[in-house]
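Here is a short report on a two-chain model.

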Amino acid sequence: MGDLAAWTGRIAFACVAVLILTLAALPLGTNPSAVPSEASPITLVRAVAGRLPGPDLLLLVALAWVVRRPAQAPAPLAAIAFLLRDLLNGGPPGLGAALDLLATERMRGKRFDAGVPGFLSEWGRVALLLVLLALAEQVILSLLLVQAPPLGPALARALGGAVLYPVVVAVLRVLLGLRSPRPEEART
Amino acid sequence: MARKPEKQSYARPIGRIFAVGAIGLCLLIFVIWRIDSPRVERLRAQIVDRVVPNMDWAMAPMTAAARMVGDFQSYARIYEQNRELRRELQQMQAWREAALQLEQQNARLLDLNNVRLDPRFTWITGRVLADSGSPFRQSVLLNVGARDGIGDGWAAMDGLGLVGRISGTGQRTARAILLTDATSRVPVTIQPSGQNAIIQGDNTSAPVIGFLEDDAVVRPGDRIVTSGDGDVFPSGVLVGQVAVGRDGLRRARLSADMDRLEFLRVLRARPAEGIEGAGRLVLPAGLPQTRDEVDAEIAGEAPEDDVDG
């Protein structure tokens, strides 16, 4: 648990989390999606692109990480990252973090076959989890009479995250060498 | 290799305990927030206060670079823009002349009438540190806070129009909820017709105008200014113009440049001094001054001292 590889991995995970939070906080996209008033292809494309809320990169990275290197993204570290995200965004703090932690714990150290079929089943599981998370957040928030985000965009966000998941996995693999563990080094 | 099974046997339960503990802690924070939201919001403001100014050194260059890329894209049609600007400049000079004359006239009239303008129009300017919204919430963080005298509920505007309202202040930072946020509600007046309405954010760039009494007298292009109802905002701050969205709703096209929020003005708001009760009778000294004293006098027992009921 305390060997060098795990600790460098944890530091790498923390750095990636900080980077994502910083990028998300850049004061650039302060204007939400435009309401299209005149019909032209450009405004339409812009409206569609602007209407889809960007997926939660932090969660995607955490999911990909706990599948590949379960020991490098321990629950307390992930919890701090998720909580910080919730606090920086104006929303209800803690709920999103708890749900995301549940998801990462479900996926932690899960074994998938090597190759394409294994990745497809991993991808399917992540997509299902993302949709379930969005629904669970809706249900809990409306049960507790907190204003929940609109259902349609929330689901679109989950699906967008599912679409982006392979990209996140590929980027992590290329940049940080994060690949699926071979059977003999399963628990590092 | 022989170590592996042993290692698993204790590493896993410990990891489990940490995970369950972390999830429990997050849920606890959420439940406390639901029960006692002001306290947790204060905690949030303090944490943001510690974290965001530290991120600033990294964020400022990145923001500048991204904005430069955006600016560079607009060089593509610089010639067109230049011609457009010249044309607009000509129009503006005509307007400027008219405005100057009106200003002088206005100043003269105000002077003649000895009018006192609302003293609340002083402001503190802050820089936008971070966009602290998720896709479903629109808010920004400013680099001014309680240390600079910022208070909750004050109006934030850019040079031209209203942008939002301060909600949550730390020592060095303050959060401004934008007009486009789904929880934002601002009472406004629509100018030529004088209709009162409420601007309701709905996560689009053009908030909906709600609670209009009479749709018919409000036309696209009418000016929207804050009405000052409810004592939250000073009155007369420009918000935007009326437009009709594709969905047929009347929406506000905001005057503030919401794409480029760099500096925000926070309007200092002092609680309005209410006028309480009816005025008293002005009586010569020696006579009973309050109603209670009058009652007491009528009842036959004069009060010893000046007890105010």
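## Chain A: overall fold

In chain A, 70% of the contacts with a separation of 6 or more are between residues 24 or more positions apart; contact means heavy atoms within 4.5 Å. This is a predicted model: local features need pLDDT of at least 70, side-chain atom pairs count only at pLDDT 80 or more, and totals for chains, interfaces and linings use all residues. Residues are numbered from 1 along each chain as its sequence is written, chains are lettered from A and ligands numbered from 1 in the order in which they are written, and side-chain values use heavy atoms, with hydrogens and water left out.

Chain A has seven helices and zero strands. Its pattern along the sequence is α-α-α-α-α-α-α. Helices (H or I, at least four residues) and strands (E, at least two) are DSSP runs, numbered from the N terminus. Of the 188 residues in chain A, 44% are buried. Buried means under 20% relative accessible area, exposed over 50%, and partly exposed in between, with a 1.4 Å probe and protein chains only.

Helix H1(A) has 22 residues, which at 1.5 Å a residue should span 32 Å; its end C-alpha atoms are 32 Å apart, so the two agree. The expected span is 1.5 Å times one less than the number of residues. Buried positions in H1(A) include A:Arg10, A:Phe13, A:Val16, A:Ile20 and A:Leu21.

The UniProt record, an unreviewed entry, places "transmembrane region" at residues 7-28, 48-67, 126-146 and 158-178 of chain A. UniProt positions follow the numbering used here, feature names are shortened, and annotations may be inferred rather than shown by experiment. In the model, residues 126-146 of chain A are 86% helix and 0% strand, with end C-alpha atoms 27 Å apart. Residues 158-178 of chain A are 90% helix and 0% strand, and their end C-alpha atoms lie 23 Å apart.

## Nonpolar cores

Which residues have the most contacts inside the largest nonpolar core? They are A:Val61, A:Leu63, A:Trp65, A:Phe82, A:Leu101 and A:Leu130, in a core of 48 residues. Two or more residues each come from helices H1, H3, H4, H5, H6 and H7 of chain A, and from helix H1 (3-35) of chain B. H3(A) gives the largest share, 10 residues. A nonpolar core is a set of buried Ala, Val, Leu, Ile, Met, Phe, Trp, Tyr and Cys residues joined through side-chain atoms within 4.5 Å.

Leaving out residues up to four places away in sequence, A:Phe82 touches A:Leu58, A:Leu59, A:Ala62, A:Ala97, A:Asp100, A:Leu101 and A:Thr104. Another core, of 39 residues, lies apart from the largest one; B:Ile124, B:Ala176, B:Leu261 and B:Ala269 are among its members.

## Salt bridges

Over all chains, the structure holds eight salt bridges. A salt bridge is a side-chain nitrogen of Lys or Arg within 4 Å of a carboxyl oxygen of Asp or Glu. The table includes three of them.

| Pair | N to O distance |
|---|---|
| A:Arg85 and A:Asp56 | 2.5 Å |
| B:Asp36 and B:Arg39 | 3.4 Å |
| B:Glu41 and B:Arg44 | 2.8 Å |

A:Arg85 and A:Asp56 are both buried. The pair links distant parts of the chain: A:Arg85 is in helix H4 of chain A, and A:Asp56 is in the loop between H2 and H3 of chain A, 29 residues apart. Salt bridges that share partners join A:Asp56, A:Arg85, A:Asp86 and A:Asp100 into one network.

In chain B, B:Asp36 counts as partly exposed because its relative accessibility is 25%. B:Arg39 is exposed, at 56%. B:Glu41 and B:Arg44 both lie in helix H2 (residues 37-74) of chain B, three residues apart, about one turn of the helix. B:Glu41 is partly exposed, at 28%. B:Arg44 is at 3%, so it counts as buried.

## Strands of chain B

Strand S9 (residues 223-226) of chain B runs antiparallel to strand S6 (residues 185-190) of chain B, joined by three bridges. Three bridges also join S9(B) to strand S10 (residues 238-244) of chain B, again antiparallel. Two strands pair if DSSP finds at least two bridges between them. B:Ile190 has B:Ile224 as its bridge partner in S9(B). B:Val225 stands opposite B:Leu238 in S10(B).

B:Thr226 is also in strand S9 of chain B. Is B:Thr226 buried or exposed? B:Thr226 counts as buried, because its relative accessibility is 2%. Beyond its neighbours within four places in sequence, B:Thr226 has contacts that include B:Leu162, B:Val186, B:Val188, B:Phe233 and B:Val239.
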